[in-house]
Amino acid sequence: MTDTNIRTYTSEQETEEEETTSVSDEQERCPECGSRLVSDDEHAETVCTECGLVVEEDEIDRGPEWRAFDAAEKDEKSRVGAPTTNMMHDQGLSTNIGWQDKDAYGRALSSRQRQKMQRLRTWNERFRTRDSKERNLKQALGEIDRMASALGLPENVRETASVIYRRALEEDLLPGRSIEGVATASLYAAARQAGTPRSLDEISAVSRVEKMELTRTYRYIIRELGLEVKPADPEHYVPRFVSDLDLSDETERMARELLESARQEGVHSGKSPVGLAAASVYAAALLTNEKVTQNEVSEVASISEVTIRNRYKELLEASDTAAPA
């Protein structure tokens, strides 16, 4: 390469760098006032520091979903791909072949390719569940996920239920008991531990086991695993009942006050927490002049109207007794 060619090449390179720098500088400057732009991660926007002009919105956060506050924590959390989870039998570490018979461009596969993909899915499934223990775990975790979805339970409850079932499987507590029974008992225990309990009737309604088997398996699981499960608090049921009945915040507050008065008077002892919660919501609705019937409350809480009437009277009596104090 001659000196002239070298000078020409260098000049062209410098021109390209200047243009790139100019474009980059324009992107970092406000088109209105020329001030510096900053990214607002909380609102997914790029805004001007001076005039507040929103230059871009609905930006995609391409960073990790976790936060780290020091270098050690960053190294510990750093990974590639989705986070591991106990809600999958292989903790989400294996490859999953999608069910759609389409290629990367969205085009439909030919019949020959579809047959090939089906064989690959079959062998992939066989390799993912190589022994009876993994097949057992896959079936149980699928059952937990199905029931949790039907009951509207959050992800942390599903994760806890999966851990409880894994412990039961590792400690050989399943012989003589059904997979569905232990899975249901694990979910019931996890919901109570997380403070989002569901009644036995609600659990058994979405389960494939009878209520008697559920209670028997639940007692066995918590005893053998040494789980600490506090007695269900009636107040934990109140927000859900109020929401399902479309009642006001004032009614919810009044229901909590009635339950607190009942606790002080010892009414809670030996009573069903679901019945107390339903009766407190019904009583609070009447006290706040909201229209709700005993039948509507009983359907939401899955208990009889007789129970609501009995607990309703006890709550009002406890409230009248506690009022002078």
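Which residues does C30 touch, not counting residues up to four places away in sequence? The legends below answer this and describe further close-up views. The structure is a predicted model, in which local features need pLDDT of at least 70 and side-chain atom pairs count only at pLDDT 80 or more, while totals for chains, interfaces and linings use all residues. Residues are numbered from 1 along each chain as its sequence is written, and side-chain values use heavy atoms, with hydrogens and water left out.

**View 1. The surroundings of C30.** C30 touches S35, L37, C48, C51 and L53 when residues up to four places away in sequence are not counted; contact means heavy atoms within 4.5 Å. The residue is placed in the loop between α1 (3-27) and β1 (37-40). Helices (H or I, at least four residues) and strands (E, at least two) are DSSP runs, numbered from the N terminus. C30 is buried, with a relative accessible area of 5%. Buried means under 20% relative accessible area, exposed means over 50%, and partly exposed lies in between (1.4 Å probe, protein chains only).

**View 2. Four cysteines annotated as a binding site.** An unreviewed UniProt entry places the feature "binding site" at C30, C33, C48 and C51. They span 22 residues in sequence, yet no two of their C-alpha atoms are more than 8.7 Å apart, so they gather at one spot. UniProt positions are given in the numbering used here, feature names are shortened, and annotations may be inferred rather than shown by experiment. C33 lies in the loop between α1 and β1 and is partly exposed, at 40% relative accessibility. With neighbours within four places in sequence left aside, C33 is in contact with C48, E50 and C51. C48 is buried, with a relative accessible area of 4%.

View 3. C30 is in no disulfide, and the nearest cysteine sulfur, that of C51, is 3.7 Å away. For C48, the closest cysteine sulfur is in C33, at 3.5 Å, which is too far for a bond.

**View 4. Helix α4 and its buried face.** Helix α4 (residues 132-151) has 20 residues and reaches 29 Å from its first C-alpha to its last, close to the 28 Å expected at 1.5 Å a residue; the expected span is 1.5 Å times one less than the number of residues. Its buried residues are N136, L137, A140, L141, E143, I144, M147, A148 and L151. Seen down the axis of α4, these residues fall within an arc of 160 degrees, so they line one face of the helix; the arc is that of the directions from the helix axis to the C-beta atoms. They pack against α5 (155-170), α6 (179-193) and α7 (200-206). After α4 comes G152, whose phi is positive, near 70 degrees.

**View 5. V157 in helix α5.** V157 is found in helix α5 and counts as buried, at 0% relative accessibility. Leaving aside neighbours within four places in sequence, V157 is in contact with L187, A190, A191, A194 and T196. V157 and A194 are 37 residues apart in sequence and 6.4 Å apart in space, C-alpha to C-alpha.

**View 6. Two loop residues with positive phi.** D246 is placed in the loop between α9 (238-244) and α10 (249-264). Its phi is near 60 degrees, a positive value in a residue other than glycine, and D246 counts as exposed, at 68% relative accessibility. S302 is found in the loop between α12 (294-301) and α13 (305-322). Although S302 is not a glycine, its phi is positive, about 60 degrees. S302 is partly exposed, with a relative accessible area of 34%.

Conventions. A disulfide is a pair of cysteine sulfur atoms within 2.5 Å.
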